[in-house]
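Hi,

Here is the structure I said I would pass on. Have a look at it, then read on for what turned up.

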Amino acid sequence: MHDKTLTELAAGLQAGEFSSRELCQAALERIEHLDGELNSFITVTAEQALANADAADRAREAGDAGPLAGLPLALKDIFCTQGVRTSCGSKMLDDFVSPYDATVVEKLRQAGAVNLGKTNMDEFAMGSSNENSFYGPVKNPWDLSAVPGGSSGGSAAAVAAGLVPAALGTDTGGSIRQPAAFCGITGLKPTYGRVSRYGMVAYASSLDQGGPLARNAADCALLLETIAGQDVRDSTSVARVVPDYTADLDTSLSGLKIGLPKEYFGDGLDPEVETAVREAIKVYESLGAKVCEVSLPHTHLAIPAYYVIAPAEASSNLSRYDGVRFGHRCDDPTDLEDLYKRTRAEGFGEEVKRRILIGTHTLSEGFFDAYYLKAQQVRRLIRQDFLDAFDEVDVLMGPTAPTPAFDLGAQKDPVSMYLQDIYTIAVNLAGIPGISVPAGFAGNRPVGLQVLAPHFAEAQLLGVAHQFQQATDWHLKRPAFGKETA
Amino acid sequence: MAIEHADVLRAAHLARVGLSENEATGYVDDLSRILKMVDQLQAVDTQDITPLAHPLDATQRLRPDEVTEHSQRERFQACAPAVTDGLYLVPRVVE
């Protein structure tokens, strides 16, 4: 059962082959047996999940089942869940229980989905390896000595290991797509503003976007359709009709124009990753697509611009953790200043402090114009690169990450870790959607193909990914880890 | 632009993150390398380019000026570390 897609499981529930309770019970047992080693969950909500599974079974009997009724899912521990701890991977929120649900959590519940728990992540979504979690690193099910990627590493590892058929993550600079690539699954970052950020713990508000990680593009379409849409509680969510994302899945790719950004195939790209990606592009040619080279000339400026904008927004967003209203508070503060300083020194980990310090520095008097305004100007140039490219082609393709998953503990220098996001980060600056799909292996570690589309062209993006998955079987490969476990 | 020990301490104070002199020394190197990487931005001519704050160039949406929220103080203070009579408790500020 753990190999099946959401779509297959939904059909099984509908046909009465198994109940939601049986399905969720099996998934919870798998988590129990396997997650001690993987560490992909921070919190498992077994009791609540089984009660919700029973409710879904009753709703189905009554003929009142929602589109995701009874299907088990997991949520990155960045989405607020009423009554269940939301830690964001941080000591700061180790005992924080939100008084409300995130909008996407509410939407999933209304659709009948059953949440099995909250997945591990880099603290406050800052990281590319899941090694920055207060709850310890997550392991990659394909190779337990490798990282799963980050920051949505727990969600990606849980799906790849067959603990859940799908999970939600968030993507600020590649945090859905890169772990999806490293774990051999499909992960979609929607257009900025497509999915409500209400109740999603903020890191960099002009870049953050929630989205699905699943076994294939069709399941991502199903989930996006549930979670997308304008929300009065998030003023940056966009008033635009949510289309039927499954409608374009079977559209032929004949005549599709694919651009390969030459900057995405340059120095630093692992040769085995490049081979796998080029093979994937040949598959597209065999499906009738036309391929040409394009240029995104400001690509080399994306990481520098991001590491001004994201830390600046983070330093502002994270100022709310002050030990007064919620979250960690230091013992016996002598005065208010001491309360703030010790609470924050104790509650935040190294990488979070690094980004708060950089952000505070670049926003401070005398530096603001040179750093923050400059980065925002470059951000416009980066977005323009994509708009110009999409005048010529329908979609862009390249590798999701320059290397396959690296070893746990291998990246010790923060700047070299940042360079992991070279192909994903510009996408967040531009606000366009992107998807990573499994496209082969480098040794025993998966390779992801990244496909990018214009703003709000998720339906096309999902169709382009789905057609690839009709012609290849990379997305059907499963790791040896947990194969013997029912 | 390099970052000095004093800049790190200043940023830590502005961000209210407790940092000892020694800990600050540990950050000088990391933050300098990050800023050196960021300095590639300075080579770009951005004259007359409007800064981009929102990827869709959207502006803030307005709503009618009506009361839509009701007080849920007890519920929202349930997750606070220290509360009395509906007030958040902090160390005494004025003696």
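First, a term you'll need: a residue is buried if 20 or more other C-beta atoms lie within 10 Å of its own, exposed if 12 or fewer, and partly exposed in between, with C-beta atoms placed from the backbone. Helices (H or I, at least four residues) and strands (E, at least two) are DSSP runs, numbered from the N terminus.

This is a predicted model, so local features need pLDDT of at least 70, side-chain atom pairs count only at pLDDT 80 or more, and totals for chains, interfaces and linings use all residues. Residues are numbered from 1 along each chain as its sequence is written, while chains are lettered from A and ligands numbered from 1 in the order in which they are written.

Now, strand β3 (residues 114–119) of chain A: six of its six residues are buried, so the rest of the structure largely encloses it. Two strands pair if DSSP finds at least two bridges between them. Strand β1 (residues 41–44) of chain A runs antiparallel to β3(A), with three bridges, and Val44(A) sits opposite Gly117(A). Strand β2 (residues 72–76) of chain A pairs with β3(A) in the parallel sense over four bridges; there, Pro72(A) has Val114(A) as its bridge partner. From β2(A), the chain passes through helix α4 (residues 103–110) of chain A to reach β3(A), a right-handed β-α-β crossover (with the strands pointing away from the viewer, the path from the first strand over the helix to the second runs clockwise).

Cheers
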